[in-house]
Amino acid sequence: MAALKAGTRFAYYTTAETAVQVLKNREIWLRMPTCMNDASEVQHGRDAIIDVWGGDEGTRLAEVFDRVYPGISDELTKKLDAESATELLAQTFIACLSEHAVTPEEDRYGRLSMWRAYGGPSGIALILKGDPLFADADGLSVYSSPVEYLDASAFKQQIREFVDRMNANQDFLRSLGRDNCLWWLYQTITMAMLCVKHPAFVEEREWRIFHSEREPSTILRREIECIRGVAQPVIKLPLDDNPDGSKSGRAISDILDRVIVGPTDFPLATASAFVDLLEKLGVPDAGNKVIISGVPLRSNS
């Protein structure tokens, strides 16, 4: 809600090669968590859930919900056991964005740590308006969430506070109905698994957009691609208007705020190429939306 109120923009840090494909194909790829830059990022959330579920916090959580719906914690456990974390992650696809421009300097130069992590020898940051992340889209089945950066102790504290809130609002839990309550409990655990990271990554200010194949979409496409030599399924999210010509709110010409050219040996050529791409996409004032950061990043020899 704070991000929505502030009109927060988001940065997609990537290589120039990938950014060209995003713009040319008008799509962004969601990938399996186990194929992401660092699979341990998701493992951290999974471990946090397992630790809580087997401890005092998990017992308290079960007691609160069992008071409202006797036996519902056993149903949840069976559901989690039947759909293991490995299977869950195999059916979930993610793309990562970063909150952009806390300072004017970042708006001009981007963030050095992100260039180092994701830019490669020629980095690009696509700066996007946040509107699609906050909107409801029928048939899309894609969701967004900020990442929480919590160690084991802080995560347990969050669970304790969650239990206290649920305990104080049992009438609300009853109003949901048993099936809905079970579904939302399952979703809560899933979200925690996907959107809790180690505190060491806090400077990334990450948001995740994700899709579960348990929830079919009429808009997404599942295809096989080879990325850095690894064959893998990807979910392709179109950044374009709907096939019938109606506005989707996701078209690049509507959501692209600017392009920051990161560390590269060829800044002028790169900037010129992206201006051409934006003009072909109908992005207004394309020449002023491509910015050369001039960041001098040392390359590895």
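Buried, in these notes, means under 20% relative accessible area, exposed means over 50%, and partly exposed is what lies in between (1.4 Å probe, protein chains only). With that cut-off, I get 44% of the 301 residues of the protein as buried.

**Ground rules**

I'm working on a predicted model, where local features need pLDDT of at least 70 and side-chain atom pairs count only at pLDDT 80 or more, while totals for chains, interfaces and linings use all residues. I number residues from 1 along each chain as its sequence is written, and side-chain values use heavy atoms, with hydrogens and water left out.

**Overall build**

I looked up the secondary structure and found 14 helices and 12 strands in the protein. Those are DSSP runs numbered from the N terminus: H or I with at least four residues for helices, E with at least two for strands.

Along the principal axes, the C-alpha atoms fill a box of roughly 65 × 45 × 40 Å. I get an accessible surface of about 15700 Å², with 52% of it belonging to carbon and sulfur atoms (Shrake-Rupley, 1.4 Å probe; for residues, only the protein chains shown count as cover). Next I checked contacts, meaning heavy atoms within 4.5 Å. Among those between residues at least 6 apart in sequence, 80% join residues at least 24 apart.

**Cavities**

My search of the whole structure turned up 2 cavities of 30 Å³ or more. A cavity is a set of points, on a 1 Å grid over the protein atoms alone, where a 1.4 Å probe fits but cannot get out; lining residues have an atom within 4 Å of a point. Points are joined across faces, edges and corners, and the volume is the space filled by probe spheres set on them.

The largest cavity holds about 60 Å³ of space. Its lining includes Y12, V22, L23, I28 and L126, and helix 2 (16-25) and strand 4 (123-129) are the elements that give two or more residues to it. By class that lining is 9 nonpolar, no polar and no charged. I count Ala, Val, Leu, Ile, Met, Phe, Trp, Tyr, Cys and Pro as nonpolar, Asp, Glu, Lys and Arg as charged, and the others, Gly among them, as polar.

The second largest cavity has about 30 Å³, and I find W53, L61, A62, F65, S73, L76 and L185 around it. The classes here are 6 nonpolar, 1 polar and no charged.

**Positive phi**

S141 has phi near 60 degrees; S141 sits in the loop between helix 9 (131-134) and strand 5 (143-146) and counts as buried at 11%. D285 has phi of about 55 degrees; D285 lies in the loop between helix 14 (267-280) and strand 12 (290-292) and is partly exposed at 49%.

**I224**

I found I224 in strand 9 (residues 221-227), exposed at 56% relative accessible area. Leaving aside neighbours within four places in sequence, I224 touches Q232 and P233.

How values were computed
1 Å grid on protein atoms, 1.4 Å probe; cavity = no way out; pocket = protein on both sides within 12 Å on 5 of 7 lines; lining within 4 Å.
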